[in-house]
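Okay, thanks everyone, let's get going.

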Amino acid sequence: MTEADFYVLPASDPEARALFLCRLCDRVLGTGKQMHIHCTSEEEAAHLDQLLWEHKPEAFLPHAMIGADTPAPITLGWADQRPDHQQVFVNMALDLPEDALKYERILEIVVQEPSILQATRNNYRLYQDKGIVARMNDMRKKSR
């Protein structure tokens with residue numbers, strides 16, 4: 001059964017989503033699950049690819065663009081690009097593709113920016129309508 005987690009950040013800067021994504025990748029890798037990061041565009045995927053390389057100089061987040069010759073537990077894609085697995089889907093594009101509902105777990109990163117708040121609220125309602133368990137992780141409380 002699909003589950004969804006929302007990580008609500010105190011920041012209003014959309015770049016905070018990308019930086020928090022790196023932390024989530026660390027966590028998911030620790031569980032042994034594979035994850036796919038669904039991006040808005042090829043440009044966003046390239047930006048996130050660079051952030052994942054630079055995240056921690058002393059660590060490594062093995063990742064690759066969909067279609068790369070090197071397999072990796074973290075993939076980045078956009079439009080209708082999807083990996084073979086259906087374990088963890090990170091929705092950075094905001095508009096949720098219908099096939100994301102087939103993944104075991106969906107992750108959404110929320111910042112205090114009006115368009116992102118609206119899109120993630122819409123996704124939350126969609127999960128409720130589909131009977132998907134949706135949890136809120138309020139990172140605003142944890143950052144104090």
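This is a predicted model: local features need pLDDT of at least 70, side-chain atom pairs count only at pLDDT 80 or more; totals for chains, interfaces and linings use all residues.

I'm going to start out at a charged residue. Lys130 is partly exposed, with a relative accessible area of 47%. Its salt-bridge partner is Glu98, and the closest N and O atoms of the two are 3.9 Å apart. With the cut-off for a salt bridge at 4 Å, that pair makes the list. Glu98 has a relative accessible area of 55%, so it counts as exposed. In the chain these two are 32 residues apart: Lys130 sits in the loop between α3 (114-129) and β7 (133-138), and Glu98 in the loop between β5 (88-91) and β6 (105-110).

Now, how many salt bridges does a search of the whole structure find? The search comes up with 8. Let me show you a few more of them.

Asp26 pairs up with Lys56, with 3.3 Å between the closest N and O atoms. That one also links distant parts of the chain: Asp26 is in helix α1, Lys56 is in the loop between α2 (42-54) and β3 (63-65), and 30 residues separate them. As for the surface, Asp26 has 27% relative accessibility, so it is partly exposed. Lys56 comes out at 33%, which makes it partly exposed as well.

Then there's Asp138 with Arg140, where the N to O distance is 2.8 Å. Asp138 is at 21% relative accessibility and counts as partly exposed. The cut-off for buried is under 20%. Arg140 is partly exposed too, with 30%. And there's a network: Glu3, Asp5, Arg105 and Arg135 are joined by salt bridges that share partners.

Okay, on to the sheet. What order do the strands come in? Going across, you read β3-β4-β2-β5-β6-β1-β7, 7 strands in an open sheet with parallel pairing. The edges are β3 and β7, each of which pairs on one side only. If you look along the sheet, neighbouring strands are turned by 20° against each other on average, ignoring direction.

Let's zoom in on β5. On one side, β5 pairs with β2 (residues 35-39) in the parallel sense, over 4 bridges. In that pairing, His36 has Phe89 as its bridge partner, and Ile37 has Val90. β5 also pairs with β6, again parallel, over 3 bridges. There, Val90 is partnered with Leu107 of β6. So is β5 covered on one face or both? Both: Val88 and Val90 on one side, Phe89 and Asn91 on the other, and all of them are buried.

What about the helices? α1 lies across β1, β2, β4 (74-78), β5 and β6, and runs at about 150° to β6. α2 lies across β2, β3 and β4, at about 160° to β4.

Last topic, the aromatics. Searching the whole structure gives 5 aromatic pairs. Take Tyr7 and Phe20: their ring centres are 5.5 Å apart and their planes are at 45°, so we call the pair tilted. Tyr7 is in strand β1 (residues 3-8) and Phe20 is in helix α1 (residues 15-31), 13 residues apart, so this is a link between distant parts of the chain. Buried or exposed, those two? Tyr7 is buried, and Phe20 is as well.

Trp53 and Phe60 also have ring centres 5.5 Å apart, with planes at 35°, so that pair is tilted too. Trp53 has a relative accessible area of 47%, which makes it partly exposed. And finally, Phe6, Tyr124 and Tyr127 form a cluster linked by ring pairs.

That's my tour, happy to take questions.

Key: Residues are numbered from 1 along each chain as its sequence is written. Side-chain values use heavy atoms; hydrogens and water are left out. Rings of Phe, Tyr and Trp (its six-membered ring) pair if their centres lie within 6.5 Å; planes under 30 degrees apart count as stacked, over 60 as edge-to-face and the rest as tilted. Buried means under 20% relative accessible area, exposed over 50%, partly exposed in between (1.4 Å probe, protein chains only). A salt bridge is a side-chain nitrogen of Lys or Arg within 4 Å of a carboxyl oxygen of Asp or Glu. Two strands pair if DSSP finds at least two bridges between them. Axes are lines fitted to C-alpha atoms, for helices over the stretch in contact, and angles run from 0 to 180 degrees between N-to-C directions. Contact means heavy atoms within 4.5 Å.
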